[in-house]
Amino acid sequence: MLNILVVDCLARAGGSRYSTFDVAGAGPRIVAGLVEEHGFNVKLEAYELAIKKRFDNIHLLFISAMSSDILAVRKFIYNAVKRGFRGIVVLGGPVSIGYRDVLSRFEEIDYVVVGEGEIPVEKILVHIDALISRDENVLRKIPALAYRNSSGDVVLTTPPIHTPIDKLSKLKPWVRVNGSYPYYRAIRFYVEVVRGCSNFRRPRIKSGELKCIDCGFCLSNDFKIRLKCPSNIPPGCGFCSVPYVFGSPRSRSVDSIVDEIEGLISHGAERIVLSAPDLLDYGREKLVEPNPLTDPCYPNANIDALEDLLNAIFSIEDVASGRVTVMVENVKSCLVNEDVAKLLGRFFKDTSIHIGVETGDDWFNDYVLGKPISSKQVVNAVKLLREAGLRPCIYLMHSLPFENIRVYDNTVKLVKQLAKIGVEKITLYKFKPIPGSAFEKLKVETCFPREVNRLKKIVSRVNRVGKKAYLNRTLEVYIVKNSRGCYGYPVKHGPVVVVKNTCRDSDEGYKAIVKITGVSDRVVYGEVLREIY
Ligand code: SF4
């Protein structure tokens, strides 16, 4: 019997995290669940646990990572080989879209599963002997698999394939997280509720390889026509690869989501995040069947489907009692109206909720980024969510291709407006081209250091004000102590608390009350007053 180890390398960058030790993505658990269903000896381990073990008996490693984690992946494999590993390495996750670069540069990686994993991984498990013997006649038949052929060239068998909805609802992701993750009580376990994104607009610019011919397909009222662009511009926001890699939204069944959450809770999880590019896409694809859902803003959210899902989740005893916290990941602001805000407020009071805004310039967002969401919709959504008792946080980007002074000015204006309404946190990212996105090969760099600095300063001011609201307050947190220090993670999510007084070691993490004594842009500082349990 083969022994397989699934390793969660997500967000490990060069081999460690900065201060966010409390997140576990859904992907590695899905892969481990699939492997187990096929009858193999399998274990899922977080990078920090797996790196300490012996590997003599491990025959295959499935490693899940993002492109920014490639150094951690290489460190991990190097260490595994030193500790006796002689098997094969299959890489997957967001890093996979850059498979060509990965396989050309790093010989220690044997295979890459490109895009969604369910169908290729199942085929791999059926044909595992062919992977070991590198039988190309069989390898060629495994979809979305990249490898070096006998001549050393990198080949990809097929483009990424999208897992059908019925399969997504039958998944049994790994739930024995108490043996897989250190500090599992503190970790926010992401449970996938929707796969794929509904934005099939595109950047309509004419530059380099992006040659929009203004055919209007991606603006069409016919949702099927939006799938194809005659100029081969990948769908979605120009900086993002989600619609290309994961396709249009497909919602998992209520039962499968509830089963997974119950399984996680029975193995010690206390924090769950309902993961989706937009929670408000849940069940929305049903409203346009048999067409794919390719419009991010029309039709409105499927309130009935959302309510059914949330009622079922919040009927789980530990969730209803508040012992386990369930949170939302992202929503798109154009789908937030009064009914939606009221519904979310009923279930997610006091938790944070994230909205991708990118810039405050409507024309730029629509025409250049391919994101047809206006500042007015953002302001409205933040206001409604705030009034409903949630804590909205937003994402912005700078140094985007074609961004100019007007775009920065409008973004600063929007930030000021949002600050008045009381946005809790703004995360400002620097644009980096992502493989599989429309902007991947765009060789346009903008250079507005003064405007970027101005934006950074105002964002940092807003974040400081948001954090100052915590000063002298007490907060319920999960405590994690590791080699970097002692951190508190607010139960309902919020700023990381750097704990100044001593705290005890604990493999699973524990709850405590901390008093906030200081703030910076990124974190707050506090002292443990007492442990809860
Ligand atoms: S981006 Fe593509 S689909 Fe959209 S208008 Fe331009 S050519 Fe047509």
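This is a predicted model: local features need pLDDT of at least 70, side-chain atom pairs count only at pLDDT 80 or more; totals for chains, interfaces and linings use all residues.
Let's begin with an open sheet of 3 strands, ordered β16-β17-β18, in which the pairing is parallel. Its edges are β16 (352-358) and β18 (425-430), each of which pairs on one side only. From one strand to the next, the twist averages 25°. Strands β16 and β17 (residues 391-398) run parallel and are joined by 6 bridges. To find your place along this pair, look for E358, which stands opposite L396 in β17.

Two helices accompany these strands. Helix α15 (residues 375-387) lies across β16 and β17, and its direction is at about 175° to β16. Helix α17 (residues 449-468) packs on the sheet as well, where it touches β17 and β18. The direction of α17 makes about 155° with that of β18.

## The four-stranded sheet

The other sheet is also open; its 4 strands follow the order β2-β9-β14-β15, with parallel pairing. Here the edge strands are β2 (23-24) and β15 (325-328), and each pairs on one side only.

Strand β14 (residues 271-275) pairs with β15 in the parallel sense, over 4 bridges. A handy landmark is R271, whose bridge partner in β15 is T325.

## A pair of packed helices

Now for helices α10 and α11. Helix α10 (residues 254-266) and helix α11 (residues 303-313) have axes that come within 10 Å and cross at roughly 25°. Because angles under 35 degrees count as roughly parallel, α10 is roughly parallel to α11. The crossing of α10 and α11 is right-handed.

Which residues make the contact? From α10 come V254, I257, V258 and I261, and from α11 come D308, L309, A312 and I313. Sorted by class, the contact of α10 with α11 has 7 nonpolar residues, no polar ones and 1 charged residue.

## Around the ligand

What surrounds the ligand? The residues are R202, P203, C212, I213, D214, C215, G216, F217, C218, C229, S231 and I233.

By class, the shell around the ligand has 8 nonpolar, 2 polar and 2 charged residues.

Key:
Residues are numbered from 1 along each chain as its sequence is written. Side-chain values use heavy atoms; hydrogens and water are left out. Axes are lines fitted to C-alpha atoms, for helices over the stretch in contact, and angles run from 0 to 180 degrees between N-to-C directions. Angles under 35 degrees count as roughly parallel, over 145 as roughly antiparallel, 65 to 115 as roughly perpendicular and the rest as oblique. A crossing is left-handed if the near helix is turned anticlockwise from the far one by less than a right angle, and right-handed if clockwise. Contact means heavy atoms within 4.5 Å. Ala, Val, Leu, Ile, Met, Phe, Trp, Tyr, Cys and Pro count as nonpolar, Asp, Glu, Lys and Arg as charged, and the others, Gly among them, as polar. A residue is near a molecule or strand if one of its heavy atoms lies within 4 Å of it. Two strands pair if DSSP finds at least two bridges between them.
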